[in-house]
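Please look over the sequence and the structure shown here, and then read the notes below, which are grouped by topic.

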Amino acid sequence: MTPAPASVVSEAAPWIAEGREPTIGVAVITYTAKKMLPHCLPPLLASPLKPRVLVVNSSSNDGTVELAEEMGAETLVVPRRSFNHGMTRERARQALGTDIVVMITPDAYATSADMIGHLVTPIVDGTAAVTYARQIPHTGAGFFESFAREFNYPPQSHVRSYDERSKWGSFLYFCSDSCAAWSNPALEAIGGIGPTLTMEDAINTAKLLRRGHRIAYVAEAVVHHSHTYTLEQEFRRMFDVGYERRRQKELLLDSGGDEKRGGSYVKALMGRLLRERPHLIPYAVVQTGAKYVGYKLGYNATRLPRHWIPKVSGQDFYWTSEAFDLREGREWGSSGGRVAG
């Protein structure tokens, strides 16, 4: 990896030249998250860095906002129709206005109050413009959600740059806003976080890396985070991933397609199952098939009747949202959330 140019470092970390410590904010993106806040907020609020902690809620009206304020966090409520993975995070980072902003979901539980300190260190010292944490499964998680965390979040930290495209392939831009930290000046330089169906983390990582910045995976920053998906949820989730990756093909797939990374995952998965739990291999085959078909269908969604796409997507709220109006609504000739057939 070649050293980052001085201009790139000064863009992402201007506080170094100014001789001051950067300010830090945390945006917790929530919807019906009242039960999660007692597990998510305490280690964030107890960080020795004393960050501003902002709970952003998409009008769930379930007591999330009231509990967040009671626990000591700031709050920001956005209309449900305005929620979008990209646009809501953009509103959060602008509302915080800190030098560094940590994006985290309420189901990601930091294992210690030092998590934020570890996560932001590569940004503070100018090594990277974006970092993401190691994710380990929640207590009681099953084999498949645990294996996915082990595969994608190893115990060794590393830094990636755009000049390593041949080494990393499509994994080059991998990031997870379930727990990631961003240099706000660097995000400003790429125009902020725009509307998207999903994958706002990978999209903005790709933009930053193309600009010469680095991404750091910080294994010392650890959060519990995992999901148990049904086969239908796996299919719909991967449909959305394929749909967005096709839209962002020139940006996200310039270092190779997803097949190589996906093949490595399946090979490692089957190897582990063969050694330890061969009785789960039939389910793994079905699960892999559901994910693959979902991805391929989403990737080729432009060949589907347009009114089918929202019905297959895993995010029904997106297709009646402001973000939809800003993108597909204009392209498809519909507005106000009305989907053209």
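Strand E6 (residues 130–136) is joined to strand E9 by 7 bridges, and the two run parallel; strands are DSSP runs of E with at least two residues, helices are runs of H or I with at least four, and both are numbered from the N terminus, while two strands pair if DSSP finds at least two bridges between them. This is a predicted model, in which local features need pLDDT of at least 70, side-chain atom pairs count only at pLDDT 80 or more, and totals for chains, interfaces and linings use all residues. Residues are numbered from 1 along each chain as its sequence is written, and side-chain values use heavy atoms, with hydrogens and water left out.

**Strand E9 and its partners**
- In E9, alanine 216 is the bridge partner of threonine 131 and also of valine 159.
- Strand E7 (residues 158–160) is joined to E9 by 3 bridges, and these strands run antiparallel.
- Of the 10 residues of E9 (residues 215–224), 8 are buried (under 20% relative accessible area, with exposed meaning over 50% and partly exposed in between, for a 1.4 Å probe and protein chains only), so the strand is largely enclosed by the rest of the structure.

**Helix H4**
- Thr64, Val65, Leu67 and Ala68 are the buried residues of helix H4 (residues 64–71).
- Seen down the axis of H4, these buried residues fall within an arc of 165° (taken from the directions from the helix axis to the C-beta atoms), so they line one face of the helix.
- Glu66 and Glu70, on the other side of H4, are exposed.

**Aspartate 99**
- Aspartate 99 lies in the loop between helix H5 (87–96) and strand E4 (100–104), and it counts as buried at 13% relative accessibility.
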